[in-house]
Amino acid sequence: MNELEKRLFSILLVCLLCVGVFACGKKQAPMEKIKDLEFSVIAEDKLPEELLAMIEEKKTSPFKMTFQDQGFLYICVGYGEQETAGYSISVNELYETGNAVYIDTNLIGPSPEEKGKNTVTYPYVVIKTENVEKPVVFD
């Protein structure tokens with residue numbers, strides 16, 4: 001092998017290695033979790049007045065909405081009118097992906113003692129997190 005052939009072979013080998021390294025690199029899928037988001041569940045008396053008014057208008061039916069205020073994102077999930085008291089809501093997941101924020105909540109039924117009480121309630125949860133400029137997907 002002459003000197004020119006050795007150089008071409010070396011260049012070709014380097015190119016193949018580079019292609020192999022970059023082709024095997026992990027790409028971030030748009031729906032793959034980037035990170036969990038920290039959040040706080042916000043009590044009704046701590047909500048911005050405009051958001052509270054919006055919730056009051058919607059609370060009789062199930063709803064899902066977002067609200068932005070002072071650099072924070074509020075994510076609201078309501079379960080509509082319930083015939084008894086004692087419901088609670090769990091936030092199972094809140095995370096960011098390449099193209100969206102995903103939230104998963106669950107309505108937890110009342111205890112047997114609460115089931116007998118005929119008190120109409122409107123369970124909902126409002127969480128506050130950093131303002132991420134991405135759409136919110138409700139699971």
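**Close-up views of a predicted model**

**View 1. Glu130 and Lys35 form a salt bridge.** The closest N and O atoms of Glu130 and Lys35 are 3.8 Å apart. Glu130 lies in strand S7 and Lys35 in strand S1 (residues 35-36), so the pair ties together parts that are 95 residues apart in sequence. A salt bridge here is a side-chain nitrogen of Lys or Arg within 4 Å of a carboxyl oxygen of Asp or Glu. Strands (E, at least two residues) and helices (H or I, at least four) are DSSP runs, numbered from the N terminus. Glu130 is partly exposed, with a relative accessible area of 38%, and Lys35 is partly exposed at 35%. For accessibility, buried means under 20% relative accessible area, exposed over 50%, and partly exposed in between (1.4 Å probe, protein chains only).

The model is predicted: local features need pLDDT of at least 70, side-chain atom pairs count only at pLDDT 80 or more, and totals for chains, interfaces and linings use all residues. Residues are numbered from 1 along each chain as its sequence is written, and side-chain values use heavy atoms, with hydrogens and water left out.

**View 2. Lys33 forms a salt bridge with Asp36 and also lies over the face of Tyr95.** In the salt bridge, the closest N and O atoms of Lys33 and Asp36 are 3.1 Å apart. Lys33 is partly exposed, with a relative accessible area of 36%, whereas Asp36 counts as exposed at 51%. Lys33 is 5.0 Å from the ring centre of Tyr95. A charge sits over a ring if NZ of Lys or CZ of Arg is within 6 Å of the ring centre and within 35 degrees of the ring normal.

**View 3. The side chains of Lys59 and Glu56 meet in a salt bridge.** The N to O distance is 3.1 Å. Lys59 counts as buried at 19% relative accessibility, while Glu56 is partly exposed, with a relative accessible area of 39%. Elsewhere, salt bridges that share partners join Lys33, Asp36 and Glu93 into one network. The count of salt bridges comes to 5.

**View 4. A search of the whole structure finds 3 aromatic pairs.** One of them, Phe63 with Tyr124, is tilted, at 6.4 Å centre to centre and 45 degrees between the planes. This pair links distant parts of the chain: Phe63 is in strand S3 (residues 62-69) and Tyr124 in strand S7, 61 residues apart. At 7% relative accessibility, Phe63 counts as buried. The rings of Tyr95 and Tyr102 have centres 5.4 Å apart and planes at 10 degrees, so this pair is stacked. Both Tyr95 and Tyr102 are buried. Rings of Phe, Tyr and Trp (its six-membered ring) pair if their centres lie within 6.5 Å; planes under 30 degrees apart count as stacked, over 60 as edge-to-face and the rest as tilted.

**View 5. Thr129 lies in strand S7 (residues 124-130).** Thr129 counts as buried, at 2% relative accessibility. A polar atom of the Thr129 side chain lies 2.7 Å from the backbone oxygen of Glu38. Residues in contact with Thr129 (heavy atoms within 4.5 Å) include Leu37, Phe39 and Leu94, not counting residues up to four places away in sequence. Phe72 is also among the residues that Thr129 touches, and the charged end of Lys128 sits over the ring of Phe72, 4.2 Å from its centre.

Terms used. A polar contact is a pair of N or O atoms within 3.5 Å; within protein, one must be able to donate a hydrogen and the other to accept it, and residues adjacent in sequence count only if both atoms are side-chain atoms.
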